[in-house]
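Welcome! Keep the picture open while you read.

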Amino acid sequence: MSSHTYAVGLATAVEDSVPAADHQPGLAVQEARPLAVRVKNLVRSFGDRPVIDGLDLDVGAGEFVALLGPSGCGKSTLLRILAGLDTQIQGEVACARRRAVAFQAPRLLPWKNVWRNVVLGLPGRPEKARATQALAEVGLAHRGNAWPATLSGGEAQRAALARALVREPELLLLDEPFAALDALTRLRAQDLVAQLWRRHEPAVVLVTHDVEEALLLADRVLVMGHGVIEHDVSLDLRRPRDVADPEFAVLRKQLLRWLGVG
Amino acid sequence: MTLPETFSPEQSARAPVLVAITSTSGQRRRVPRPVRRASGVVLAIGIWQLLSSTGVIDASVLDSPLHVATTGWQLIRNGELPSALGVSLQRVAKGLLLGGSIGVVLAIIAGLWRFGEDLLDAPLQMLRTVPFAGLIPLLIVWFGVGEKPKVALIALGVAFPLYINLFAGIRGVDPALVEASRTLGLSRIALIRHVIVPGALPSLLVGLRFSLGISWLALVFAEQVNATNGLGYLMTNAQELFQTNVIVVCLAVYALLGLGVDLLIRTLERVLLSWRPRFQGA
């Protein structure tokens with residue numbers, strides 16, 4: 001596989017589903033690090049058509065994984081399975097218990113003001129201060145009392161992020177959360193996610209169709225196809241990352257080729 | 001506005017015609033809303049008074065608003081109208097409470113559980129098409145001529161609109177919100193309380209609007225058969241004595257009650273649905 005030629009990343013193809021560390025005994029300590037996601041031989045069919053067909057995936061605690069793939073390849077289905085929303089599955093799936101999801105649409109309850117949306121579902125009677133603190137982290141402390149319908153697209157998406165973060169997730173599942181945002185708002189939101197990830201260190205699975213977004217944010221980029229993870233690339237680009245970095249451009253080109261573009 | 005440097009009069013032939021967008025801010029609320037809302041009613045009564053006093057409408061057909069108002073005042077002074085109104089309101093309240101609870105409970109059962117829908121929806125949709133006023137003879141056979149058949153008739157009229165609208169409202173709750181709430185760890189009870197009920201509330205209020213309207217209709221039917229008191233009785237009695245004024249007073253009371261119901265629902269909507277951005281009308 002051509003990915004081995006890149007010095008910039010520890011690139012490993014995983015069609016044979018052997019964990020990367022098995023090739024390198026020196027990484028045994030890293031392999032012992034706890035997992036946030038363990039998926040073995042997962043199958044999910046719609047009718048006769050298997051969308052996910054014998055998929056294996058491990059995500060380490062605190063690891064940021066981006067999941068790329070052509071439209072309809074099953075990446076959103078995989079995320080829904082990890083979220084526990086889709087249980088019509090065969091195979092073995094284990095996920096961190098504390099997990100939170102941010103969807104492409106913010107999905108705030110329109111009849112609860114923003115801060116009540118943020119603390120919805122938390123045990124006991126959570127105080128407003130708790131919501132305000134989470135909202136402050138995404139720069140929305142002043143909008144706590146607003147109705148969701150009065151928020152802009154970017155604000156609503158940040159409120160949804162605050163709602164996910166207030167649960168202190170060990171696994172944060174992001175389903176194209178920036179896809180509906182305009183380009184400038186998207187850049188700011190990506191930056192915000194990177195900051196929040198560094199501060200709280202959850203494992204993140206980010207489903208996206210934006211190669212640059214994946215390369216800007218992730219420790220590891222997975223490319224899905226034919227119902228499995230076809231390519232698995234670990235990135236050790238310096239953070240914060242720069243689109244103008246030549247290594248970045250090389251990786252971008254390779255990923256696009258895997259996605260069948262360019 | 002800055003013009004491009006190359007602008008010259010020769011180009012003006014190609015230039016689009018600009019239309020000024022006039023500001024509408026400040027145009028609203030010059031006249032207070034209640035005054036504007038009352039204007040239509042005042043105008044209608046004014047025309048009626050004009051037609052009566054010029055003799056276009058004969059007093060034996062329809063008396064002037066002034067005379068109707070005098071009759072109304074007399075009926076209030078001698079206590080006839082208040083007691084009739086009290087009796088009628090009680091019937092409506094009982095019927096609403098009974099029929100409303102039945103409709104809401106059935107809708108919740110059918111809305112939340114597919115088994116409930118399979119069991120209840122088909123028979124209710126069949127019963128709904130039976131004109132409820134046609135059930136009066138049967139209700140009298142079952143319950144006699146006292147209060148029971150009247151309350152039962154109102155309850156019947158009220159239950160169906162509430163059932164249909166609330167059922168549709170529960171099934172119309174955005175599945176994306178239900179899904180999101182599940183990822184937040186909401187239990188089934190919490191899901192119903194925080195997502196299903198508030199999501200179905202707009203439909204419930206539409207159902208309530210229909211129900212309240214139908215409850216007055218059912219009241220008129222119920223009280224014109226075998227009643228010895230109430231608004232409907234007052235009207236039937238007046239008809240036998242050719243007191244058109246009394247009939248018109250009763251109709252006016254119905255209209256005012258309808259207005260009161262509308263105000264009540266509007267207030268409920270304003271308070272309960274304050275989260276919903278609405279088209280305010282042009």
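In which helix is the place of A:Asp191? A:Asp191 sits in helix α6 of chain A, which covers residues 183-200. Please remember as you explore that this is a predicted model.

**A closer look at A:Asp191**
- Buried, exposed or partly exposed: which of these describes A:Asp191? A:Asp191 has 13 other C-beta atoms within 10 Å, so it counts as partly exposed.

**A three-stranded sheet in chain A**
- Look for an open sheet of three strands in chain A, with the order β3-β2-β5 and antiparallel pairing.
- In this sheet, β3 and β5 of chain A stand at the edges with a single partner strand each, so each has one side without a neighbour in the sheet.
- On average, neighbouring strands of this sheet are turned by 15° against each other, if direction is ignored.
- Strand β2 (residues 35-46) of chain A pairs with strand β3 (residues 49-60) of chain A over nine bridges, in the antiparallel sense.
- β2(A) also pairs in the antiparallel sense with strand β5 (residues 90-95) of chain A, here over five bridges.
- A:Arg38 is a handy landmark: it stands opposite A:Asp58 in β3(A), and it stands opposite A:Ala94 in β5(A).
- A:Val39 stands opposite A:Val93 in β5(A).
- In a regular strand, side chains alternate between the two faces of the sheet.
- β2(A) and β3(A) make a hairpin with two residues between them, and A:Gly47 in the turn has a positive phi of about 65°.

**A mostly covered helix**
- How many of the nine residues of helix α2 (residues 75-83) of chain A are buried? Eight of the nine are buried, and the helix is mostly covered.
- Among the buried residues of α2(A) are A:Leu78, A:Leu79, A:Ile81 and A:Leu82, and the list also includes A:Lys75 and A:Arg80.
- Just after α2(A) comes A:Gly84, with a positive phi of about 85°.

- Most residues other than glycine have a negative phi, and most peptide bonds are trans.
- A:Glu168 is not a glycine, and its phi is near 45°, a positive value. A:Glu168 lies in the loop between α5 (153-165) and β7 (171-175) of chain A, and it counts as exposed because it has 11 C-beta neighbours inside 10 Å.
- A:His226 also is not a glycine, and its phi is positive, at about 50°. Find A:His226 in the loop between β9 (220-225) and β10 of chain A; with 15 C-beta neighbours inside 10 Å, A:His226 counts as partly exposed.
- A:Arg239 and A:Pro240 are joined by a cis peptide bond, with omega about -5°. The loop that holds A:Pro240 runs between β10 (228-235) and α8 (246-258) of chain A.

**Two helices crossing in chain B**
- Two packed helices are described by the angle between their axes and the distance between the axes.
- The axes of helix α5 (residues 136-143) and helix α6 (residues 147-171) of chain B come within 8 Å and cross at roughly 135°. α5(B) and α6(B) are therefore oblique to each other, and their crossing is right-handed.
- The contact uses B:Ile136, B:Leu139, B:Ile140 and B:Phe143 from α5(B), and B:Lys148, B:Pro149, B:Ala152 and B:Leu153 from α6(B).
- By class, the residues of this contact are seven nonpolar, no polar and one charged.

Methods. Residues are numbered from 1 along each chain as its sequence is written. Chains are lettered from A and ligands numbered from 1 in the order in which they are written. This is a predicted model: local features need pLDDT of at least 70, side-chain atom pairs count only at pLDDT 80 or more; totals for chains, interfaces and linings use all residues. A residue is buried if 20 or more other C-beta atoms lie within 10 Å of its own, exposed if 12 or fewer, and partly exposed in between; C-beta atoms are placed from the backbone. Helices (H or I, at least four residues) and strands (E, at least two) are DSSP runs, numbered from the N terminus. Two strands pair if DSSP finds at least two bridges between them. Axes are lines fitted to C-alpha atoms, for helices over the stretch in contact, and angles run from 0 to 180 degrees between N-to-C directions. Angles under 35 degrees count as roughly parallel, over 145 as roughly antiparallel, 65 to 115 as roughly perpendicular and the rest as oblique. A crossing is left-handed if the near helix is turned anticlockwise from the far one by less than a right angle, and right-handed if clockwise. Two residues are in contact if their C-beta atoms, placed from the backbone, lie within 7 Å. Ala, Val, Leu, Ile, Met, Phe, Trp, Tyr, Cys and Pro count as nonpolar, Asp, Glu, Lys and Arg as charged, and the others, Gly among them, as polar.
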